[in-house]
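Come along and follow the entries beside the picture.

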Amino acid sequence: MNVIHEKQERHGLLKRLIILTGLLVLVAMTVLLAGCSSASKRVTSSTGDAAASVTKESLPTLAPVNLNAGQKLQVVASTGIVGDVVAQVGSDLIELTVVMAAGQDPHSYEPIARDVAAIADAHVVFINGLGLEEGLQATIEAAASRGQPVIPVSAGIKPLQMQGDGDHDAIEVPKGGDPHTWFDPNNVLKWVDNIEGALAALDPAHAQDYAARAQAYRQQLQDLDAYIREQTERIPPGRRKLVTDHQVFTYFAARYGFEMIGAVIPGFSTVAEPSASDLAKLVARIREAGVPVIFVGRTANPRLAQVLADEAGVRVLSLYTGALGEPGSGADSYIGLMRANMDTIVQGLSKP
Ligand SMILES: [Zn+2]
């Protein structure tokens, strides 16, 4: 081995050592930060009940609300994505309050006084369910125990579990499976059924209006499904592989034939930490699979993903995951969000 070669080798080793040390420091910081945040997060993320799947049969039976002339149904939705779909069905027939604004992480968002008051006044509260809204859990449970109808829009959807070998240290996979059901528009068709059913039961005078609006929106969801299928065709089959910041694409991958290579946080929530060995394994898997990009949700912290991307020699692209984009971003509706994401995925994967 000549001298120059040896120097390069040493330089490479040194660089790897520096990166690995950086990773360890980042992991230590993440763990410390999580330790500083409220203990309630840990409790809620480890309870199986909150994440358990809900069958349609276990939804509460809803009685009509006595509305005065001109009074509308008071409706609360947890996330912007749930809120947008509720608004499509309820339109101007309901008075809708959406708890989380654009760009807020649905896993970690904790309610402020205004949210608690809106939930207390609501005739019905729509949540995603499957343990997505960890920070809202206590407020939602309190509303349900007061007898307020709480409808998980994902009720009736079969929860999917993590793909792959599950070979990682830090994360306890929730019993309920992946809560990110909206990444398959066919699941959102079931959301629409649940929303229409609840609104019609509470406000039967407008049942036909809700049904008409739901039907029009179902067509748009079917068009979205067709759009995702068409766009997928632009990506060579061998390149339909995804790496994300946390496990958000179980339903998307299953529906459209993508393979989940891994996630920076190998779990269904952002309220979790990867170990250094998880991260090292992911870098190896990215290299082995030849994945050219790590997709990071705009509500996630991009730093760890960027360190991994640098180490693996790939790039980072932003997606909309748990929150709508700002008004005017093109991702300020559920359908807009899905189309924007699909365009980014095609851009990231179609060429080497
Ligand atoms: Zn998420």
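I began with A77, and found that its bridge partner is V98 in β2. This is a predicted model, so I kept that in mind throughout.

Next I looked at the strands around that bridge. β1 (residues 73-77) pairs with β2 (residues 94-98) in the parallel sense, over five bridges. I then traced the chain from β1 to β2: it passes through helix α4 (residues 80-90), and this β-α-β crossover is right-handed.

I also asked what else β1 pairs with. I found β3 (residues 124-127), again in the parallel sense, over three bridges. For V75, I noted V124 of β3 as the bridge partner.

Then I turned to helices. How do α10 and α11 pack? I read an angle of about 50° between α10 (residues 276-289) and α11 (residues 302-312), with the axes 9 Å apart. The two are therefore oblique to each other, and I noted their crossing as right-handed. On the α10 side I listed L279, L282, V283, I286 and R287 as making the contact, and on the α11 side L308, E311 and A312.

My last entry is on α8 (residues 207-232) and α12 (residues 334-349), whose axes come within 10 Å and cross at roughly 5°. That makes α8 roughly parallel to α12. Among the residues in contact I jotted down L224 and Y227 of α8, and M338 and M342 of α12. The contact of α8 with α12 divides into seven nonpolar, two polar and one charged residue.

Technical notes: Residues numbered from 1 in each chain as written. Predicted model: local features only at pLDDT ≥ 70, side-chain atom pairs only at ≥ 80, totals over all residues. Axes fitted to C-alpha atoms, helices over the stretch in contact; angles between N-to-C directions. Helix = DSSP H or I, 4+ residues; strand = E, 2+ residues; numbered from the N terminus. Parallel < 35°, antiparallel > 145°, perpendicular 65-115°, else oblique. Left-handed = near helix turned anticlockwise from the far one by under 90°. Contact = placed C-beta atoms within 7 Å. Nonpolar A, V, L, I, M, F, W, Y, C, P; charged D, E, K, R; others polar. Pairing = 2+ DSSP bridges. Right-handed = clockwise from strand over helix to strand, strands pointing away.
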